[in-house]
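Hello,

Here is the structure for you to look at. My notes follow below it.

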Amino acid sequence: METRCDPLTDPLSPAFDERRFRDHTETAVSLLGPQLADTSIRGLDLIEPATLAKVARDLMTCERDTVAAFDEKKLAAILDLYIRTGIQVHSPGYMGRQFSGVVPLSGVVDFVSSVVNQPSSFYEAGQLPNVAERLMADELNRYIGWDPGTFAMVTTSGGSLANLTALLAARNRAFPDLWARGAAALPDGVRPAIAVGADTHYSVARAAGIMGIGEQRVVRLPIGPDQRIRVDAVRPALDDARRRGLSVFCLVASAGTTSVGAFDPLDELAAVAREQNLWFHVDGAHGAALLLSERHRHKLRGVEQADSLAWDAHKMLFVPAPCTLLFYRDKAHSLGAFRQKASYVFDEQPDPYTALDSGDKNFECTKRPMIMPLWVLWSLYGPALFRRKIDHLCGITEEFHHILRGEPDMETLHRPEVNILCFRHRPEELPDDAVHAFQVAIRNRVKQEGNFFISKVDVDGVAALRVVLMNHRITTEHFHLLLGEIRRTGQDILHREGGRN
Ligand SMILES: *Cc1c(COP(=O)(O)O)cnc(C)c1O
């Protein structure tokens, strides 16, 4: 069909021009290439927000009435600013957080996702993403171990949302009328509660808050010196909760706590949950990926007994955030979190097409086709890519722990089970009551120096330095450099600022 140039739409055409698109892509690739090739030690160049806002504002066109003439150089400046001002996840200086330096190919797939824009909650909008979700669920289930066809998996925008979704499914199973009737559905004196490890990720308590389970009704299960839930303390804690009038309906275990990467004893906790008729949710946001490793999968022994399992692929499967997989052992339960009908999206008569829709199982309506980067990596490289990287990261973490044990001024706090390692710098002259503030000050100074990016966490109430090794290019040499920087900043703080900051 011939179309004539329409003077009304013509100003739009440059923005949709295919040749320009190629130019923009080249601009982006020419900036990202050197970024990936740069193995220098860089942390975070933290810019004051007002300063950055001014720089960014100067890059914005003042044109308001007509579509601005395009300036490829300005695009390059914006992309450059974007790339430079974040945490440098591809540098060996990045040791601070759980999101990964992604496998570059996964970024290319994500880029395609953004251009074709196929949201994935409904099969008709994103056919391949929906099929890929099924294929990935089956692939990953080889490592979980449920019977094919009996379980379900739904993707969610992050582990926090996966935890909330699973807890809703758990609550609705225990209190089926709550969804429709709200609190009025509860018989007098029934107070729904959940039991979680004392070091559970904050999103679990937040989910409880969202569901109207007060903070005080989150039963905190004691953890031992290894930072894992003490199984011997679980039954007494649940008995005590019952005496306080709480109806605990769910037990949440962590497979890899955020702070130190501790794996709760899933096998034994599953037994308690079964015996007390509790939903058993495993928050494996960080550590579920260890299932892929022959060497480390024993840490998740019992995971197949979980009613639900949250697994962040944007952490230990090295794809762009967010990409979370929420598994249910019983596929019927995947429909339990949200009990709604919406005529404009949910079909009354499911057919082979709508059967793959996940809109009734996830909170999002429009959802990123987040499985695509993971599925493409898996399809082209196979599971060994992930397994080898995981094994390597866990291996260097153990090595670093070993190094720390030989340093008298470094205090180790746990034997690392995954790629998270917490420790304290305790030079001899440091008074005991200054240990906490000293770690915080060191962490802040190291961050400011901009070479290394590390984090901090309280372990048993006292701050510790925390490294999370997501980058396989990190070597023991980098770690020694980090320790050197910690000591140097430590001396500075002690002698200039008296250890308190
Ligand atoms: C990271 C993490 C979360 C939160 O997941 P997001 O994807 O950041 O929302 C929850 N639980 C654990 C154990 C985590 O490590």
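Helices (H or I, at least four residues) and strands (E, at least two) are DSSP runs, numbered from the N terminus. Two strands pair if DSSP finds at least two bridges between them.

This is a predicted model: local features need pLDDT of at least 70, side-chain atom pairs count only at pLDDT 80 or more, and totals for chains, interfaces and linings use all residues. Residues are numbered from 1 along each chain as its sequence is written, and side-chain values use heavy atoms, without hydrogens and water.

**The sheet**

Seven strands make an open, mixed sheet, ordered S1-S7-S6-S5-S4-S2-S3. Strands S1 (152-156) and S3 (218-221) are at the edges with a single partner strand each, so one side of each has no neighbour in the sheet. Strand S2 (residues 191-197) pairs with S3 in the parallel sense, over four bridges. Val196 has Arg220 in S3 as its bridge partner.

**The pocket**

A pocket is found on a 1 Å grid over the protein atoms alone: an open set of points with protein on both sides within 12 Å along at least five of seven lines; lining residues have an atom within 4 Å of a point. How many residues line the largest pocket? The lining has 31 residues, and Leu32, Tyr82, Ile83, Val102 and Gly107 lie nearest the centre. Helix H1 (18-37), helix H3 (72-84) and helix H4 (104-116) each supply at least two lining residues. H1 gives the most, with ten.

Best wishes

Conventions. 1 Å grid on protein atoms, 1.4 Å probe; cavity = no way out; pocket = protein on both sides within 12 Å on 5 of 7 lines; lining within 4 Å.
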